[in-house]
Amino acid sequence: MPDDRLSISADSRWRVTRREALAAVGGSAVSVWTGSDTSSGTAVDTETTAGHRDGLVRIRVYPDAVPFRARLRYGLGDLRGNWPTPFRDALAAIESAFEHVLAYARERSRLEDLVVRVDRASPIRVPPSTTSLSADAVLPSLEALLRRFRERVQSRGALTGRTCHVLLCWSPLNYRVGYGGTLAPNSVTGMDDGGDGDALTVANVGATEVWDSRPVTQNIAIHETLHTFLSDDVVRSIGNAYCDHELGTAVRTAQNTLRISPMATAYAGPNRIGGGTRFHGTGCYDHDRFVRHDGHDGIENWVYTTEPSDATQEGVTRYLERRFER
Ligand SMILES: [Zn+2]
């Protein structure tokens, strides 16, 4: 976004506001999805914030409540339990993304002692605002959702100073949350960006399932998780990228088919309704700066790979090395 770019060039400490904002059209009314995804703030890499170094990195994934009516679409087997199919598939996608990253790293004799654990956490119910007359009581903003998510995690004693907490939420109509996101502080795992090292992020599985498809669900789950493993300094160190999204790829695999990797998901298409994903992210991005973007002219088929691009895998590897390795 132009504003983001202005703030980037005006700020020597590279600050960027990412917005996975969505625009939804319903009838004649246009409502703009402005869920934000700011995983930035000022990233300061100093000795005092150098993170913890015992070789274990945790990602805890929390399922939200899914209404009975929504569960019906997944069949009888999904009417009970806390992990209906889309949540299981989102979790599996996050696991597979880290498997890819660790395989990438180990092929290069890096991160050989690092263990990444992706855990199922017990369900979390983020209560509505206690201020009944506020807009947040009806439709929580991403900020409010993340704040309440954090309060719940904290009340469980699950804050460790080095864990990424992922909320798989089900809010298909909440345009304020959009596809999800993370906000500083608490937007980078293991790093003090004004918080305490625990990152919190939201993937709105309800939105991707209702408006898009399972592959988009999986990629957004990866996307919102990996934001918390890509600090500004690391992203900048890769091809002088401005933002995490530029580490994604959009590869033309046939004349009318574009294959999107996770960090480019919601950003690879034209900035309009139905450009790849139903809604387009309005955060920081520039197709010309993507590590690879083959253009979307004439594209009719949008396909998704859960394998992060090499640039993304290199970024996460560098981040894990700097933050968690001895
Ligand atoms: Zn993003």
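In which helix does Glu143 lie? Glu143 belongs to helix H5, residues 142–155. The model is predicted, so local features require pLDDT of at least 70 and side-chain atom pairs count only at pLDDT 80 or more, while totals for chains, interfaces and linings use all residues. Residues are numbered from 1 along each chain as its sequence is written. Helices (H or I, at least four residues) and strands (E, at least two) are DSSP runs, numbered from the N terminus.

- Glu143 is partly exposed, with 16 other C-beta atoms within 10 Å; a residue is buried if 20 or more other C-beta atoms, placed from the backbone, lie within 10 Å of its own, exposed if 12 or fewer, and partly exposed in between.
- The C-alpha atoms of Glu143 and Ala184 are separated by 9.7 Å, although the two residues are 41 residues apart along the chain.
- Ala184 is joined to Pro185 by a cis peptide bond, with omega about -5°.
- Pro185 is located in the loop between strand E6 (180–181) and strand E7 (199–204).

**Packing of H3 and H7**
- Helix H3 (residues 85–107) packs with helix H7 (residues 214–226) at an angle of about 50°, and their axes are 8 Å apart.
- H3 and H7 are therefore oblique to each other (angles under 35 degrees count as roughly parallel, over 145 as roughly antiparallel, 65 to 115 as roughly perpendicular and the rest as oblique).
- Pro86, Asp89, Ala90, Ala93, Ile94 and Ala97 in H3 meet residues of H7, including Arg214, Gln218 and Leu226; contact requires C-beta atoms, placed from the backbone, within 7 Å.

**The sheet**
- Four strands form an open sheet in the order E10-E8-E9-E11, with mixed pairing (strands pair if DSSP finds at least two bridges between them).
- Strand E10 (292–293) and strand E11 (301–304) are at the edges with a single partner strand each, so one side of each lacks a neighbour in the sheet.
- Strand E8 (residues 249–254) runs parallel to E10, and two bridges join them.
- Thr249 stands opposite Arg292 in E10.

**Positive phi values**
- Most residues other than glycine have a negative phi.
- Asn240 has a positive phi, near 55°, and is placed in the loop between helix H8 (232–236) and E8.
- Asn240 is exposed, with 9 other C-beta atoms within 10 Å.
- Ala266 also has a positive phi, about 80°, and lies in the loop between strand E9 (257–260) and E10.
- Ala266 is buried, with 33 other C-beta atoms within 10 Å.

Key. Axes fitted to C-alpha atoms, helices over the stretch in contact; angles between N-to-C directions. Contact = placed C-beta atoms within 7 Å.
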